[in-house]
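Please look through the following points with the structure open beside them. They begin with the overall build and then turn to charged side chains.

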Amino acid sequence: MPAIQEIRAQEILDSRGQPTVMAGLTLDNGLCAQAMVPSGASTGENEALELRDGGQRYLGKGVLQAVKNIHEVIAPKLKGLNPLNQVAIDQLLCDLDGTATKSRLGANAILAVSMAVARAGAAVAGLPLYRYLGGTGAATLPMPMLNIINGGAHAGNNLDIQEFMIMPVGGASFAEALRMAAEVFQTLKKVLSAKKLSTGVGDEGGFAPDLTSHDAALDLMVAAIEQAGYKPGKDVVISLDPAASEFFDKASGEYVFKKGDGSRRNAGAMTDYYRDLAARYPIVSIEDGLAEGDWDGWVHLTKELGSKLQLVGDDIFVTNVQYLQKGIQLGAANAILIKLNQIGTVTETLETINLALRHGYRAVISHRSGETEDTFIADLAVAMNTGQIKTGSASRSERIAKYNRLLMIEAELGPAARFREDRFWQR
């Protein structure tokens with residue numbers, strides 16, 4: 001059987017020019033595989049922890065210690081192991097670290113190796129990554145959520161809601177849906193230019209103009225959809241990611257639009273705010289509408305709006321079965337965002353997805369604001385038939401790389417490819 005012969009890692013840069021980790025495996029049969037890990041800006045307090053060097057180098061963001069941990073701690077223990085044994089290797093990685101949040105070796109070090117092992121296993125099996133991870137049933141292309149207006153921690157403008165996204169639900173195939181979305185994105189640029197608004201983009205490739213309100217952003221999106229020749233609510237719908245933990249005031253228990261008008265709301269008022277927005281705009285999904293620790297608020301939000309909207313938990317669940325299980329028991333949210341680096345291994349990510357799907361929660365595969373050209377999440381979305389992916393706007397090559405990979409997968413699958421399996425937006 002093939003065995004891991006060597007593991008090498010190095011410090012590289014993510015899409016924000018900040019360091020991250022790349023790991024490469026060489027097997028004794030000559031096969032090689034590598035993986036690059038992303039990094040987030042809006043992070044949950046219970047996420048697995050990146051290991052950063054501190055000090056002056058790269059303003060404290062260096063990852064040389066994480067790289068060293070791969071070379072000196074992880075590599076000697078994995079040498080000689082069969083890369084097909086993903087579950088056992090991921091458990092060994094967790095055991096080597098020995099902390100709940102992977103803070104000793106660093107989740108960035110552990111994940112880089114875990115992803116590279118998965119790619120090596122696929123190479124040994126002679127399968128594309130999506131087929132290796134998902135088996136013969138992996139055939140569903142995900143509906144893309146494209147972030148076309150950036151706010152919050154992803155942009156230096158006055159919008160508190162972090163992501164304003166479109167979903168091209170009228171497309172009959174992934175390729176057609178992506179084309180529709182790209183047309184809306186390019187049309188939005190023209191709409192912004194006509195209004196003398198900035199067409200500079202934020203971390204995830206969406207435009208980041210200064211606007212008077214969230215309504216103004218949504219009005220621009222509707223105008224772009226219509227001017228591109230599509231019907232809002234039928235051909236293209238809207239999804240929001242407020243990332244509410246970012247503007248939650250723990251002292252008062254209120255949500256404060258600090259970048260905008262300064263207004264304050266409790267969880268009940270935020271629920272009413274989202275209800276009103278969804279009544280006036282074709283919004284079908286809201287991610288992180290409330291803060292990560294506001295469990296009571298989440299239960300109320302889900303009770304009030306869960307039958308009408310997809311309510312996605314990100315910071316509250318952090319791709320962790322422990323927190324997702326709590327949400328299932330309480331009735332908080334009806335979907336979960338999946339980020340590999342929130343939990344730190346491929347195996348734990350798959351366990352969380354499977355738990356969600358077993359209990360009727362949707363799973364949305366997601367990028368991070370600090371991305372690389374690695375396309376692992378594109379294969380992951382198809383592997384697990386999750387049906388939805390967030391991987392940025394129709395700009396910036398680190399985002400486009402994922403879309404291009406999905407186009408390739410759809411072409412490879414041919415008539416076996418499925419799309420729009422779960423039409424929750426039609427509720």
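1. Of the 427 residues in the protein, which is shown here as a predicted model, 60% are buried. Among the contacts with a separation of 6 or more, 70% are between residues 24 or more positions apart.

2. The secondary structure amounts to 13 helices and 14 strands. The radius of gyration is 21 Å, close to the 22 Å that the globule rule gives for 427 residues, so the protein is as compact as a globular protein of that length. Along the principal axes, the C-alpha atoms fill a box of roughly 60 × 55 × 45 Å.

3. Side chains with a charge number 42 positive and 49 negative, and the centres of these two sets lie 3 Å apart. The whole structure holds 25 salt bridges.

4. One of these joins Glu45 to Lys250, with the closest N and O atoms 3.3 Å apart. Because Glu45 lies in the loop between strand 3 and helix 1, and Lys250 in the loop between strand 7 and strand 8, the pair ties together parts that are 205 residues apart in sequence. Lys250 is exposed, at a relative accessible area of 65%.

5. Arg362 and Asp422 also meet in a salt bridge, at 2.6 Å from N to O, and this pair links strand 13 with the segment after helix 13, 60 residues apart. Arg362 counts as buried at 17% relative accessibility, whereas Asp422, at 38%, counts as partly exposed.

6. In the salt bridge between Arg405 and Asp379, the closest N and O atoms are 2.8 Å apart; Arg405 lies in helix 13 and Asp379 in helix 12, so parts 26 residues apart in sequence are tied together. Both residues, Arg405 and Asp379, are buried.

Conventions:
Residues are numbered from 1 along each chain as its sequence is written. This is a predicted model: local features need pLDDT of at least 70, side-chain atom pairs count only at pLDDT 80 or more; totals for chains, interfaces and linings use all residues. Side-chain values use heavy atoms; hydrogens and water are left out. Helices (H or I, at least four residues) and strands (E, at least two) are DSSP runs, numbered from the N terminus. The radius of gyration is taken over C-alpha atoms; the globule rule is 2.2 Å times the number of residues to the power 0.38. Buried means under 20% relative accessible area, exposed over 50%, partly exposed in between (1.4 Å probe, protein chains only). Contact means heavy atoms within 4.5 Å. Lys and Arg count as positive and Asp and Glu as negative; His and the chain ends are not counted. The place of a charge is taken as NZ of Lys, CZ of Arg, CG of Asp or CD of Glu. A salt bridge is a side-chain nitrogen of Lys or Arg within 4 Å of a carboxyl oxygen of Asp or Glu.
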